Amino acid sequence: MIRDLRLSSQAASFILSLSVFFGLAPWPRPAAFQSATQVMPALSGARSLDLPAFWPILVLLVLLPWLCGRLYCSWYCPVGFLQDAVARVSSALRFRARAPGGRSAIRYFSFGLAWILLLSGSAAFHFLDHSSNLGRVYGLFGLAWGARVFDAVSAYGLVFGLAVLALPLWRPRWFCATLCPTGCLFMLMRGRALFKTRTGPGCNACGACSRACPVLCVDNG
C-alpha cells in the first residue's frame with residue numbers, strides 16, 4: 001500500500017515537471033508550485049529575498065529531513081523516479097545490478113562545491129543541481145524541431161540524460177548516491193530525523209541494509 005502511494009507520488013511529480021517544462025499546464029500555479037520544489041534554484045533567490053510564490057512549500061521541504069528523513073528523494077524527486085524506472089527495467093531484463101559501494105568522496109565534493117557556488121551567487125551550481133539538469137534533458141527534445149542550437153550546455157544535458165537513463169541498469173540511484181548535492185544535504189540532516197526507520201532488538205549489525213541502500217544513507221547494519 002505504502003509502496004503504491006510512493007510510486008504514484010513520484011509519477012505525479014514526474015508528470016508535473018514534464019507538463020510545466022513543455023507549457024502543457026493550463027494555468028500558472030502548477031509552474032509556481034514546481035518552482036518551489038526545486039530546492040537549490042529556489043534557495044538561490046533567498047540571497048535577494050526573491051522567494052517563489054509557494055515559499056512555504058520550500059520551507060517545508062528544507063525542514064522535512066529533520067522530521068522524516070529523505071522523504072523528498074523517495075516520494076517526489078523526478079530524477080529519482082527516472083532512475084527507479086530504469087532499475088525496474090534492469091530487473092525485468094535480468095541485468096546484474098552492482099550493489100552500492102562504500103561512501104564516496106565525490107558525493108561530499110559535489111555537495112561542498114554546489115553549495116559554495118550557490119551561496120557565493122554563482123549560477124554554476126546549476127550544473128550539479130538535479131532539477132536544473134533534468135530541465136536540460138527535457139530541453140534536448142526541442143532540438144528535434146530546431147528550437148535551440150546544440151551547444152555545450154545541450155551536450156552536458158545529453159551526457160547527464162544518458163547517464164541517468166543508463167547507469168541505473170548497473171547501479172541503482174547512482175546520481176542520488178554519488179553526485180546530487182540536494183540529496184547529500186538531506187542525507188546529512190536525516191541523521192537527527194524524528195521519524196525514521198530504526199533497527200529493532202533483533203538486529204545483529206550484519207550490514208545487509210547498509211549494503212542494500214541505493215543512496216548509501218545507512219551508516220551501520
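Leaving aside its neighbours within four places in sequence, which residues is Val 79 in contact with? Select His 130, Leu 134, Phe 160, Val 164 and Phe 175: these are in contact with Val 79 (contact means heavy atoms within 4.5 Å). Before going on, note that this is a predicted model, in which local features need pLDDT of at least 70 and side-chain atom pairs count only at pLDDT 80 or more, while totals for chains, interfaces and linings use all residues. Residues are numbered from 1 along each chain as its sequence is written, and side-chain values use heavy atoms, with hydrogens and water left out.

**Zoom out: the fold.** Switch to cartoon and you'll find twelve helices and zero strands (DSSP runs, H or I with at least four residues for helices, E with at least two for strands, numbered from the N terminus). Of the chain's 221 residues, 41% count as buried, meaning under 20% relative accessible area with a 1.4 Å probe, protein chains only.

**Next: the core.** The largest nonpolar core has 35 residues; such a core is a set of buried Ala, Val, Leu, Ile, Met, Phe, Trp, Tyr and Cys residues joined through side-chain atoms within 4.5 Å. Pick Tyr 72, Val 79 and Phe 186, the ones with the most contacts inside this core.

**Then: the cavities.** There are two cavities of 30 Å³ or more. A cavity is a set of points on a 1 Å grid over the protein atoms alone where a 1.4 Å probe fits but cannot get out, and lining residues have an atom within 4 Å of a point; a volume is the space filled by probe spheres set on the points.

- H9 gives the most to the lining, with four residues.

Of its 17 lining residues, select Ser 17, Gln 34, Gln 38, Ser 131 and Tyr 138, the closest to its centre. H8 supplies the largest share of the lining, five residues.

Conventions
1 Å grid on protein atoms, 1.4 Å probe; cavity = no way out; pocket = protein on both sides within 12 Å on 5 of 7 lines; lining within 4 Å. Buried < 20%, exposed > 50% of the residue type's maximum accessible area, 1.4 Å probe, protein only.
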